[in-house]
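Thanks for coming, everyone. I would like to walk you through one structure today, taking a pair of helix contacts and then a pocket.

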Amino acid sequence: MRRNTVVETRSSDVLVDDLFRTTVRLRTYVDAQLRSHGLSVSRLRLLRALATTTEPLRMRDLGEALDVAPRTVTSLVDALEREGLVERARHPTDRRAYLLTLTPTGRTVHARAEEIDRAALSTATATLTPTQRTTLLDLLSTLRASVPDAPPSPQD
C-alpha cells in the first residue's frame, strides 16, 4: 500500500512564505490572462525587452537582461520568430552572434500584451488604497535593500 507523503515546502519565515505565495498567485493570474490571447509572462518579458531597447540585442544580452538560461532564450526566440514577431539578423562584427529586433507585428502584439498585463495587474491590486500601495512599496524596498547581493556563481 502506498502512503501519501507530505513534502514540506515552507521556509523558516511565514512572511517570506506569504510573499512567495502572493508572487506566484499574481504571476499565475497574469499568465492566465495573457494565455487567453496566446501569450505568456515569459513572452511578454522578452517582447518588452526588445521593445524598450534603443538598438537590437544579442541573444546573450537578452538572456542576461531577463536573467534566464541561454537555452530558454533560444526556445522563446525560436517560437516568436516562427510566429513572425521577432527577427534575427547577423551581427555585423561577430559572425557567431545574431541581433534580435521586433517585427511590426511583434510591436503590435507587444502593445496588446502590455494592455492585458496592465488590466490584469490593475484588477489584482484594485483593493489596495493609495496609502496601502505606498506602504507596500516602501516595505518591499526596505526588504530588498536588506538582502545582500548573491556572490557570483563559480561559472561566472
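Predicted model: local features only at pLDDT ≥ 70, side-chain atom pairs only at ≥ 80, totals over all residues.

**Helix packing and the main pocket**

H1 and H2 pack at an angle of about 80°, with their axes 8 Å apart, where helices are DSSP runs (H or I, at least four residues) numbered from the N terminus, and axes are lines fitted to C-alpha atoms over the stretch in contact, with angles from 0 to 180 degrees between N-to-C directions. The two helices, H1 and H2, are therefore roughly perpendicular to each other, a term that covers 65 to 115 degrees. On the H1 side the contact (heavy atoms within 4.5 Å) is made by Arg 27, Val 30, Asp 31 and Leu 34, and on the H2 side by Val 41, Ser 42 and Leu 44.

Residues are numbered from 1 along each chain as its sequence is written, and side-chain values use heavy atoms, leaving out hydrogens and water.

Turning to the other contact, H1 and H5 pack at an angle of about 140°, with their axes 9 Å apart. That makes H1 oblique to H5. Leu 26, Tyr 29, Val 30, Gln 33 and Leu 34 of H1 meet residues of H5 including Ala 113, Ile 116 and Asp 117.

What volume does the largest pocket have? It is about 1,000 Å³, counting the space filled by probe spheres set on grid points joined across faces, edges and corners; a pocket here is an open set of points on a 1 Å grid over the protein atoms alone, where a 1.4 Å probe fits, with protein on both sides within 12 Å along at least five of seven lines, and lining residues have an atom within 4 Å of a point. The largest pocket is lined by 26 residues, with Leu 19, Thr 23, Leu 26, Leu 136 and Leu 140 nearest its centre. H1 gives the most to this lining, with eight residues.

Technical notes
Parallel < 35°, antiparallel > 145°, perpendicular 65-115°, else oblique.
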